[in-house]
Amino acid sequence: MSLLATAAWTLAGTCHRTSRWLDKAMGLVAMVAVLATTAAGIMEQAEAEREDAAAQQSAQSAEDLARLALPKRETMIAGYFGAPYTYSSDVHLKKPGAHDFTAKDVDWEGQPFKSPIYYGARVVRWFDGGRRGAMIDFTHSKALAMMDKETAFEGTLANAPLPAKAALKDIYRKLEFSHGHNMLTLNGLWRLASLAPRLSPYVGIGIGVNLPHSEVQLKTVRGRTYEYQYTGPVAQAVIGLEFRVPRMSYFLEYKFSIAQYEVPLSERDGSVLFIDLWNQLMSWLAGSSPGGYLYTRLTSHQVIGGLGVRLGAEPVVAP
C-alpha cells in the first residue's frame, strides 16, 4: 500500500505540475493572442487613419484645384502699374486766320514713376466656361513733349512763316497730357489653353474714348488750355498671363494702344473731369474754340503688372 500510495502521490504531483505548466502555457498563448489582436487593431486603426488622412488630403487638393481651375463665371476687380513707350508723332495746330503749322516727329516721354504715376483699374467679367469675358479698362498714362529737342516745323504762326527747325520750347510754352493720357475702353477677352492649373494666358481687343488732361499753350498766346477733354476714339490690344491663387489673380500684360487727339484749345482752366466735359459740350454746341484745334495721334506700347480680387466664382469640378 505504501508503494502504491507513493506512486499515486507522485502521479498526482506530476499531473499538478503539468496542469500548472499547461495553465502557464495557455496564459502565455492568451497573452500572445491579446497582444497580437491589440497590435492588429492598432495597425488597422493606423491604416484607417492614414486612409482618412489621404482621403482628406485628396479632397482638399481637389477642392484647391477646383478653386484654382477656370470658373464657370466670375468677376474680377483689379488695379495695376506699368510703364509706356510712346512713338514720335506729328503735332498740327490750326486756328483759321492765325495759325496753321505742324511740328514734325515730336518725341514724347511717359515718366511713369513720377507723380502722377502710371496706373490703371479694371473690372473683368468671365462668362460660362471661363474662356470668354468682357473688360472695362481705365488707363492713366502720360505723354509729355520733349521741349528741348530740336524739331522740324512747317507752316505759319500768327500768319508768319516758322523757321525750318526750332526747339519746341521756342514755339510752345506747354505741350503735354500729364494728368494724363487717359483711356477708357470696353474689351473682349479670350483665355487660351492653360499652361498649368494656375497659369492661364489670354488675349483681348477693345475700343473706347480718349479723355486726356490737355495742357497746351503757345508762347505768343496769353491764354492756356488746361482741362480734361474728350479728344477722340482709342483702340487697344492686350496679351497677358494670369496666375491664379484661391481668391486673387496676379497678372502680367502687354498693351498696344492707338489714341486719336483732336484737342479744342479752349484757353480755359478746368476743374474736374465731369465739369470739364460738360463745359466742352457747351462750347462745342456754341461752335467756340478760341485757340483753334490741335491734332496728333499717340501710339504706345505698355507693359503692366497688377493684382485682382475675384468675386462670385463658381468653379468647375476638378479633374
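Q: How much space lies in the largest cavity?
A: About 80 Å³. This is a predicted model, so that value is computed from predicted coordinates.

Q: How many cavities of 30 Å³ or more does a search of the whole structure find?
A: The search finds 1 cavity of that size.

Q: Which residues line the largest cavity?
A: Met76, Arg122, Val124, Trp126, Met135, Leu189, Tyr202, Glu242 and Phe251 line the largest cavity.

Q: And which element gives the most to that lining?
A: Strand S5 does, with 3 residues. S5 covers residues 119–126.

Q: What does the lining of the largest cavity look like by class?
A: The lining has 7 nonpolar residues and 2 charged ones, with no polar residues.

Q: Let's take Arg122 from that list. Where does Arg122 lie?
A: Arg122 lies in strand S5, and Arg122 is also one of the residues lining the largest cavity.

Q: Is Arg122 buried or exposed, and why?
A: Arg122 counts as buried because its relative accessibility is 4%, and buried means under 20%.

Q: Which side chains make a polar contact with the side chain of Arg122?
A: The side chain of Asp137 makes one, at 3.4 Å. The side chain of Glu253 makes another, at 2.8 Å.

Q: What else is Arg122 in contact with, leaving aside neighbours within four places in sequence?
A: The list includes Met76, Ile77, Ala78 and Tyr80. Also on the list are Met135, Ile136, Tyr202, Phe251, Lys255 and Ile304, along with Asp137 and Glu253. Among these, Met76, Met135, Tyr202 and Phe251 also line the largest cavity.

Q: Switching to pockets. How much space lies in the largest pocket?
A: About 280 Å³ lies in the largest pocket.

Q: How many residues line the largest pocket, and which lie nearest its centre?
A: The pocket is lined by 17 residues. Glu262, Pro264, Gln280, Trp284 and Tyr293 lie nearest the centre.

Q: Which elements give two or more residues to that lining?
A: Strand S15, residues 248–264, and helix H2, residues 273–286, do. The largest share, 3 residues, comes from H2.

Q: How does the pocket lining split by class?
A: The lining of the largest pocket has 5 nonpolar, 9 polar and 3 charged residues.

Q: Stepping back, what does the secondary structure of the chain come to?
A: The chain has 2 helices and 16 strands.

Q: How much of the chain is made up of buried residues?
A: Buried residues make up 38% of the 319 residues.

Q: What share of the contacts with a separation of 6 or more comes from residues 24 or more positions apart?
A: Those residues account for 75% of such contacts in the chain.

Q: How do strands S12 and S13 run, and how many bridges join them?
A: S12, residues 213–218, and S13, residues 225–228, run antiparallel and are joined by 4 bridges. The two strands form a hairpin with 6 residues between them.

Q: What is the bridge partner of Val216 in S13?
A: The partner of Val216 is Thr225.

Q: Now the backbone. Which residues does a cis peptide bond join?
A: Pro116 lies in the loop between strand S4 and S5. A cis peptide bond also joins His179 and Gly180, with omega about 25°. Gly180 is in strand S10, residues 172–191.

Q: Which residues have a positive phi although they are not glycine?
A: Ala158 is one, with a phi of about 55°. Ala158 is found in the loop between strand S7 and strand S8. Glu267 also has a positive phi of about 55°, and its place is in the loop between S15 and H2.

Q: How do Ala158 and Glu267 count for accessibility?
A: Ala158 counts as partly exposed at 47% relative accessibility. Glu267 counts as partly exposed at 32%.

Q: Last one, Glu150 in strand S7. Is Glu150 buried or exposed?
A: Glu150 counts as exposed because its relative accessibility is 59%, and exposed means over 50%.

Q: What does Glu150 touch, not counting residues up to four places away in sequence?
A: Glu150 touches Lys165, Ala166 and Ala167.

Q: And what separates the C-alpha atoms of Glu150 and Asp170?
A: They are separated by 9.5 Å, with the two residues 20 apart along the chain.

Definitions and conventions. Residues numbered from 1 in each chain as written. Predicted model: local features only at pLDDT ≥ 70, side-chain atom pairs only at ≥ 80, totals over all residues. Heavy atoms only, no water. 1 Å grid on protein atoms, 1.4 Å probe; cavity = no way out; pocket = protein on both sides within 12 Å on 5 of 7 lines; lining within 4 Å. Points joined across faces, edges and corners; volume = space filled by probe spheres on them. Nonpolar A, V, L, I, M, F, W, Y, C, P; charged D, E, K, R; others polar. Pairing = 2+ DSSP bridges. Buried < 20%, exposed > 50% of the residue type's maximum accessible area, 1.4 Å probe, protein only. Polar contact = N/O pair within 3.5 Å; in protein donor to acceptor, adjacent residues only side chain to side chain. Contact = heavy atoms within 4.5 Å.
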